[in-house]
Structures are given as structure tokens and as C-alpha cells.
Amino acid sequence: MSNFLRWLINLFGFNLWQRPPPVGDSVRPAERGALVDHLHSTYGIKLIESDPKGNARPLSVAELLTLRQTLDLLGETWSAPFREKPIHFWIDRNPGGGHYGNQWLRIGEPHDDLSVLYRIFIHEGTHASNEYRGWLYENNWCFKNGLDWRKEGDVWTHPRQQGKPLQSGDWETLPVDSRDVSTAPGEDLAEMVRYYVHSVREERAYLWPLDLSKPPTYLWETSPTRFVFVRDVFLRLPSDSTLYKRLSPALERRAAANLGL
Ligand SMILES: [Zn+2]
């Protein structure tokens with residue numbers, strides 16, 4: 001945890017992962033403003049907290065801190081391209097999922113559940129990072145062994161038979177079920193980054209819809225190539241990152257060989 005974040009948490013007197021306090025309210029505007037400016041200048045996340053139609057709402061301090069901590073965790077490579085052309089980020093008073101397109105990232109009303117904001121932000125932000133970096137997953141990586149995407153005409157296919165219940169076979173995959181399965185490389189990437197972060201942090205409660213009776217790391221026994229891709233290529237984590245974890249030597253070798261690292 002950075003000193004800055006620790007300072008903020010001490011300042012506001014609560015743990016980020018607990019239910020947020022009644023928000024925003026006891027915090028001085030200058031302190032809140034410093035956090036908003038920090039998200040913009042350091043991570044390229046420009047908050048849109050009101051609009052003429054009244055759909056966008058201000059973020060609570062707990063939400064601001066969640067974004068700050070998540071951006072810090074994901075590391076410099078993930079958000080670096082946003083600094084040049086900031087993402088317009090807003091929370092919609094209307095409910096429902098999230099969306100990224102054309103430098104705008106919307107999250108539907110998460111109410112007081114910070115885990116919703118956190119999960120959707122990682123997913124949609126990964127779409128953004130991939131797009132800002134020229135769709136590196138689709139163009140350079142997704143067809144490698146262990147990732148296994150193929151393009152037939154304009155249609156992406158995968159031996160996992162995306163959109164159907166998990167089937168065994170000689171391929172690696174995220175062990176997700178048909179409710180949450182990737183149907184295109186971009187979705188695959190967004191989910192693999194999200195699961196990577198959940199699993200290395202052992203956030204079992206956030207693994208829905210996966211099997212909560214298993215440890216979060218079971219994800220990576222099914223897809224070591226994805227694990228290493230996220231760690232070493234997409235996030236390019238330094239080895240002192242709190243998210244940097246290693247698989248067994250045999251799995252590390254297999255993934256590195258698949259990726260040509
Ligand atoms: Zn998506």
C-alpha cells in the first residue's frame with residue numbers, strides 16, 4: 001500500500017474494504033479535490049460527476065479510494081496510456097453493468113457495494129488499456145498456444161467453445177461457466193486480468209460465478225499461460241509488486257514457451 005493511500009485511509013478513519021461510512025460528508029472539499037486531481041494527473045482518470053441530464057453523480061470518498069487503490073495495484077503499465085488522453089469516467093445513477101468506448105467509461109449505480117465498482121472498473125478499464133495500446137492482445141498474443149484464439153474470416157473462435165458449459169479438452173481456459181464466458185478475445189482479456197487480480201489477492205468472495213469452495217488460485221492451474229501473460233506482458237508487473245506471484249517451475253516454463261518469452 002502506498003504511503004499516500006495509507007495517509008488517506010488514516011485521514012478518513014476507515015478500512016477500504018469495509019462498508020463505506022456515510023460518505024463524502026465529513027471530508028473537507030480540498031482533501032477530496034486532491035484525490036480527484038490525483039486520479040486525473042497520475043492515472044489519467046478524469047471524473048465526470050455531473051451532466052446536464054442529471055445522470056452522472058458525484059463519487060463518494062470510499063469510491064474514490066477504491067479507484068485509487070485499484071489503479072495503484074494494477075500498476076503503471078495498465079494505466080500509463082491514459083495519462084496522455086484521459087478516460088472520462090462516470091457513475092450513472094441508473095443501474096446496470098458497465099461500458100467502455102471512445103475514452104468514456106460508465107459504471108451503472110453500484111449503490112454501496114464497492115466490490116461492484118472494483119470488478120467492473122478492472123474489466124472495463126482493461127478494455128480501455130488494450131484499445132489505447134493498439135489492441136495488443138488481439139493483434140499480437142491471443143492466437144498463441146495456451147490462449148488458442150483463431151480468426152476465421154471476421155469471426156473469432158476458440159476451442160473452449162465459448163458460451164457453452166465448460167468442456168474438457170486439450171486447451172487452457174478460464175474455468176468460467178456459460179453466464180460469464182468470453183465470446184471474443186477482448187472479453188477473454190478483460191476477464192483474465194480481473195481473475196488474475198482476484199486470485200493473487202485471494203478475494204474468494206469476488207470470484208462469482210466460479211466455485212467458491214475452491215481456492216482462488218485454482219484458476220491458474222487451468223490456464224498458466226493466461227496467468228503469465230497478465231503478469232509479464234499485459235500488466236508488466238515488477239517483481240516487487242504485491243500482485244507478482246509465481247507458479248510452479250514447470251508451469252512457468254510451459255507458459256513462457258507458449259508465449260515465446
Ligand atoms: Zn467487456
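**Entry 1: the chain as a whole**

I counted ten helices and seven strands in the chain. Here helices (H or I, at least four residues) and strands (E, at least two) are DSSP runs, numbered from the N terminus. The model is predicted, and local features need pLDDT of at least 70, side-chain atom pairs count only at pLDDT 80 or more, while totals for chains, interfaces and linings use all residues. Residues are numbered from 1 along each chain as its sequence is written.

I then looked up burial and found that 37% of the 261 residues count as buried. A residue is buried if 20 or more other C-beta atoms lie within 10 Å of its own, exposed if 12 or fewer, and partly exposed in between, with C-beta atoms placed from the backbone.

I also examined contacts, where two residues are in contact if their C-beta atoms, placed from the backbone, lie within 7 Å. Of the contacts between residues at least 6 apart in sequence, 61% join residues at least 24 apart.

**Entry 2: helices H9 and H10**

I noted that H9 (residues 224–234) packs against H10 (residues 249–259) at an angle of about 70°, and that their axes are 9 Å apart. Axes are lines fitted to C-alpha atoms, for helices over the stretch in contact, and angles run from 0 to 180 degrees between N-to-C directions. H9 and H10 are therefore roughly perpendicular to each other, a term for angles of 65 to 115 degrees.

On the H9 side I listed Pro224, Thr225, Phe227, Val228, Phe229 and Val233, and on the H10 side Leu251, Glu252, Arg254, Ala255, Ala256, Asn258 and Leu259. I sorted the residues of this contact into nine nonpolar, two polar and two charged. Ala, Val, Leu, Ile, Met, Phe, Trp, Tyr, Cys and Pro count as nonpolar, Asp, Glu, Lys and Arg as charged, and the others, Gly among them, as polar.

**Entry 3: Ala255**

I located Ala255 in helix H10. Ala255 is buried, because 24 other C-beta atoms lie within 10 Å. Leaving aside neighbours within four places in sequence, I found Ala255 in contact with Gly146, Pro224, Thr225, Phe227 and Val228. Ala255 and Val228 are 27 residues apart in sequence, yet 6.4 Å apart in space, C-alpha to C-alpha.

**Entry 4: positive phi**

Most residues other than glycine have a negative phi. I recorded a positive phi near 55° for Asn102, which lies in the loop between strand E4 (98–101) and strand E5 (104–108). Asn102 counts as exposed, because it has 9 C-beta neighbours inside 10 Å.

I recorded a positive phi of about 50° for His111 as well. His111 lies in the loop between E5 and helix H5 (114–132), and is exposed, with 9 other C-beta atoms within 10 Å.

Methods: Angles under 35 degrees count as roughly parallel, over 145 as roughly antiparallel, 65 to 115 as roughly perpendicular and the rest as oblique.
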